[in-house]
Amino acid sequence: MKDLSLRARQKGLELDCRIHPDTPQVIAGDPVRLRQILMNLVGNAIKFTEQGEVTVQVEPHAGGEGEIWLHFRVADTGIGIPAAKQAAIFDAFIQADGSTARRYGGTGLGLTISRRLVEMMRGRIWMESEVGRGTTIHFTACFGAGEAAPAPEDVEPAASPVPAIAGERALAILLVEDNVVNQKLAVNLLAKQGHRVTVAKNGHEALAASDQHRFDIVLMDVQMPEMDGFEATRAIRAREQGTAGHLPIIAITAHAMKGDCDRCLEAGMDGYISKPINTSALFHAIERAMAVAPAGLPVPQPAKN
């Protein structure tokens, strides 16, 4: 959350976290999912708040025996959301209105992804909002009872669930994604495996980057401003015509319906994974795409200091 704290300070906002004293100190659950939900919600709250504060609250919530349910609130003093838009705000591609999207850049798929992650954690998500006075987004999630971690000398290293890629060779990867939170999560996953990642925020930046550098593979978000993933992929494929080159491109899409997947393949993409990103699915998709990629293309070396 350090990046979010910095963004809040840069806007002159207070970022406060309040944990109810009855909240268990140790729980068992998926920290990656919970972190992504909170980063999406807090990031949006900061984006749409010009003055005041953003507050994160956590408290116990009623649940079944052997389960720990928590109730989270992310409250801001921002622009608020009209009542007519609130029911659909967690659906894909819904924005408060056109002027909001132009001024703030929109919420993208952050709320839709958060809803799906909350549902994976057996919870629900809802909001309270008033235009000009701010928004509070609530969600609940179910966890198991956790145990205190053993002393360092008792800890045994766990086997990594991530498959080896391309003979464990470090890859040069172009990540095309406009959402800052999703950028950071993907970069962290890839960098931990030793891969070098270049980030582009839209299709135009992706074309420029792929023209200047050699990449082993592209992870291409489908919905982006200015130039989306379909347009960018078609442009890359058009550039490759008459050459022996083929840059593997994996679509990252919030829609896993057959028609949407067919669109990805028709645009020239080599595979697709759905949001929210599953770590194992991501690396398996990269492994499959690299297995059929033309060999022998030079890989850019890290810049020397």
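**A buried histidine, then the rest**

Modeller: Let's start with H71, which counts as buried because its relative accessibility is 8%; buried means under 20% relative accessible area, exposed over 50% and partly exposed in between, with a 1.4 Å probe and protein chains only.

Biologist: Before we go on, where do these numbers come from?

Modeller: The model is predicted, so local features need pLDDT of at least 70 and side-chain atom pairs count only at pLDDT 80 or more, while totals for chains, interfaces and linings use all residues. Residues are numbered from 1 along each chain as its sequence is written, and side-chain values use heavy atoms, with hydrogens and water left out.

Biologist: OK, back to H71. Which strand is it in, and what is it in contact with?

Modeller: H71 sits in strand 4. Helices (H or I, at least four residues) and strands (E, at least two) are DSSP runs, numbered from the N terminus. Skipping neighbours within four places in sequence, the contacts of H71 are Q57, V58, E59, H61, W126, H138, F139 and T140. Contact means heavy atoms within 4.5 Å.

Biologist: Zooming out, how many helices and strands are in the chain?

Modeller: The chain has 10 helices and 11 strands. Of its 305 residues, 43% are buried. Among contacts between residues at least 6 apart in sequence, 68% join residues at least 24 apart.

Biologist: How many residues are in the largest nonpolar core?

Modeller: It has 34 residues, and those with the most contacts inside it are L41, F72, V74, F139 and F143. A nonpolar core here is a set of buried Ala, Val, Leu, Ile, Met, Phe, Trp, Tyr and Cys residues joined through side-chain atoms within 4.5 Å.

Biologist: And which helix gives the largest share?

Modeller: Helix 2 does, with eight residues of this core.

Biologist: What does V74 touch?

Modeller: Beyond neighbours within four places in sequence, V74 is in contact with L38, L41, V42, A45, V54, T55, V56, T135, T136 and I137. Apart from that core lies another one, of 22 residues, including L174, V176, A200 and V222.

Biologist: Switching to helix 10. Which of its residues are buried?

Modeller: L282, F283, A285, I286, A289 and M290. Down the axis of helix 10 these fall within an arc of 155°, so they line one face of the helix; the arc is that of the directions from the helix axis to the C-beta atoms.

Biologist: Why would residues spaced like that point the same way?

Modeller: An α-helix has 3.6 residues a turn, so residues three or four places apart point the same way.

Biologist: What do the buried ones pack against, and what is on the face turned away?

Modeller: The buried residues of helix 10 pack against helix 6, strand 9, strand 10 and strand 11. The face turned away from the buried side carries the exposed residues R288 and A291. At the start of helix 10, a side-chain oxygen of N278 comes to within 3.0 Å of the backbone nitrogen of S280.

Biologist: Now helix 7. What caps its N-terminal end?

Modeller: N202 does, with a side-chain oxygen 3.0 Å from the backbone nitrogen of H204. The buried residues of helix 7 are G203, A206, L207, A209 and S210. They fall within an arc of 165° down the helix axis, so they line one face of helix 7. On the other side, D211 and Q212 are exposed. The buried residues of helix 7 pack against strand 7, strand 8 and helix 8.

Biologist: Last topic, loops. Where is G132, and is it buried or exposed?

Modeller: G132 is in the loop between strand 5 and strand 6. G132 counts as exposed, because its relative accessibility is 59%. Leaving out neighbours within four places in sequence, G132 is in contact with G78, I79 and G80.

Conventions. Polar contact = N/O pair within 3.5 Å; in protein donor to acceptor, adjacent residues only side chain to side chain.
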